[in-house]
Structure formats: structure tokens, C-alpha cells
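Here is a short note for a colleague who is new to this structure. Please read the points in order, with the model open beside you.

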Amino acid sequence: MKLLHIDSSVLGSHSVSRVVSAAIVDRLRKATPGLQTVYRDLASTPLAHLSGLHLAAAQGAAPEAALQQDLAAGQAVLEEFLAADIVVLGAPMYNFTIPSQLKAWIDRILVAGKTFKYGAQGVEGLAGDKRVIVAISRGGFYGADTPAAPGEHVETYLRWVFGFIGVKNLEFISADGVQVGPEQREKALHGALQAATNLAAA
């Protein structure tokens, strides 16, 4: 069984989402003998954002020489995702949505014919055999019963993205209010780490 671990926070050791995603991976590794893990840090090794040249190459145009290395990186990212049985994703909220580094990764895995396809009945997801666990950190409170709920574009967006490609086994562990103050940060982190410990085995 293969696990793909993705982090996207730019905060390094100060990141809550990194601490929680690592705890999730640790829990699954201990509970799943022989689990193979691949790690990708989107902050330290970012992917280029899509350009017109990328889209032209995807449509069959001969790519420019300068683009070859980036296209190879994008293919490697897609293959990592396709090979994974489990994906653990660290996703902090930046200005109400995901980091741009994570969006660049998503743009490389949402590929027609690979993770979804269009047919007579509409869109069909092709990645439905995966388990995806997302570790979210948010500076404030964005639950459905809060005034800020309309500004929540991390969990809602990722639910749609992974649902679009067919993922039904999707879990979220959230640490909320981490910028409210030290006490709330510690409380949120403790709760998220406990949830990681309680995760079902792979």
C-alpha cells in the first residue's frame, strides 16, 4: 500500500497543518505494516503555475525546450498521485483559500483522461479508489454556524475538487482559530492531533 504525503504551508516548523499532517502519516504508518510513503513539500519545491504554453502542450503543441523540465515535473506529480492508495494533504487557509502552491499541484492532478473524463452522462471521476485525508489549519472560525462561514474556501473547495475526480473516502481534520491566541492555538492543535490518533487504520 502506498501513501502520498503533501505539505503546502510556507511556515516550516511553525506550521500547524504540517504538524497535523505528520501526525496523520505517523498514525497510518504505525497501523499499516509495509506502508510505503512518498513525501512532497510544495513550499520548498514549488511547481510552476499553469501558463498558455502548458495548455498548448496539453493540446498537442510541441513544447518549448525551456518547458520540458517543468512538464516532466508535472508528469511526476500526476504519477505519484495515481500510484497512491492514500493521500494525506496539509492545507492551511491563506486569505480564505488554499495556498497558491497547493493550487498549482491540483492543476497538475486534475487531468482529463487520467483523473476524470467527460461522457454522455457528464463528468466521471477516475480516482475513486483513493482515501484522502486533509489536515486544515485556519486562523479564525469558519464553521457553518459562524458569521465567517461564507468566507471558507478551503474545505469546501477541496471537497468539490476531490469529489470531481471521484474520491468518496474523504476525511478532514481541522485546527481552527490558531491565530486567536496562544491558548486557542494549543487547544486547536491538541484536538487535531487527537483526531489524527483516532483515525481508522488504512
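1. **Terms and basis.** Buried means under 20% relative accessible area, exposed means over 50%, and partly exposed is in between, with a 1.4 Å probe and protein chains only. This is a predicted model, in which local features need pLDDT of at least 70, side-chain atom pairs count only at pLDDT 80 or more, and totals for chains, interfaces and linings use all residues. Residues are numbered from 1 along each chain as its sequence is written, and side-chain values use heavy atoms, with hydrogens and water left out. Helices (H or I, at least four residues) and strands (E, at least two) are DSSP runs, numbered from the N terminus.

2. **Ser137.** Start in strand E6, where Ser137 sits. Is Ser137 buried or exposed? Its relative accessibility is 8%, so Ser137 counts as buried. Contact here means heavy atoms within 4.5 Å. Not counting residues up to four places away in sequence, Ser137 touches Val16, Ser17, Ala91, Pro92, Met93 and Ala175.

3. **The largest core.** A nonpolar core is a set of buried Ala, Val, Leu, Ile, Met, Phe, Trp, Tyr and Cys residues joined through side-chain atoms within 4.5 Å. The largest one has 31 residues. Phe81, Leu89, Leu102, Trp105, Val134, Leu158 and Phe162 have the most contacts inside it. At least two residues each come from strand E1 (2-7), H3, strand E3 (86-92), H4, E6, helix H5 (155-164) and strand E7 (169-176). Which element gives the most to this core? That is H4, with 5 residues.

4. **Phe162 and H4.** Leave aside the neighbours within four places in sequence. Phe162 is then in contact with Phe81, Leu89, Trp105, Ile109, Val132, Val167 and Leu170. In H4, the buried residues are Leu102, Ala104, Trp105, Ile106, Arg108 and Ile109. They pack against E1, E2, H2, H3, E3 and H5.

5. **Aromatic pairs.** Rings of Phe, Tyr and Trp (its six-membered ring) pair if their centres lie within 6.5 Å; planes under 30 degrees apart count as stacked, over 60 as edge-to-face and the rest as tilted. The whole structure holds 4 aromatic pairs. In one of them, the ring centres of Phe81 and Trp105 are 5.9 Å apart and the planes meet at 85°, so this pair is edge-to-face. Phe81 is in helix H3 and Trp105 in helix H4, so the pair ties together parts that are 24 residues apart in sequence. Both Phe81 and Trp105 are buried. Elsewhere, one aromatic cluster is formed by Phe116, Tyr118 and Phe164.

6. **Leu28.** Leu28 lies in helix H1. Its relative accessibility is 0%, so Leu28 counts as buried. Beyond its neighbours within four places in sequence, Leu28 contacts Leu3, Leu35, Ile86, Val88, Arg131, Ile133, Ala200, Ala201 and Ala202. Leu28 and Ala112 are 84 residues apart in sequence and 30 Å apart in space, C-alpha to C-alpha.

7. **The largest pocket.** On a 1 Å grid over the protein atoms alone, a pocket is an open set of points where a 1.4 Å probe fits, with protein on both sides within 12 Å along at least five of seven lines; lining residues have an atom within 4 Å of a point. A volume is the space filled by probe spheres set on the points. The largest pocket holds about 500 Å³. Its lining has 16 residues, and His54, Ala58, Asp107, Arg108 and Val111 lie nearest the centre. Helix H2 (52-58), helix H3 (68-83) and helix H4 (100-109) each supply at least two lining residues.

8. **The second largest pocket.** Its volume is about 240 Å³. It is lined by 19 residues, with Met93, Tyr94, Gly139, Val178 and Gln179 closest to its centre. Helix H1 (16-31) and strand E6 (131-138) each give two or more residues to the lining.

9. Most residues other than glycine have a negative phi. Asn95 has a positive phi of about 50°, and Phe96 has a positive phi of about 80°. Asn95 counts as exposed, at 73% relative accessibility. Phe96 is partly exposed, at 44%.
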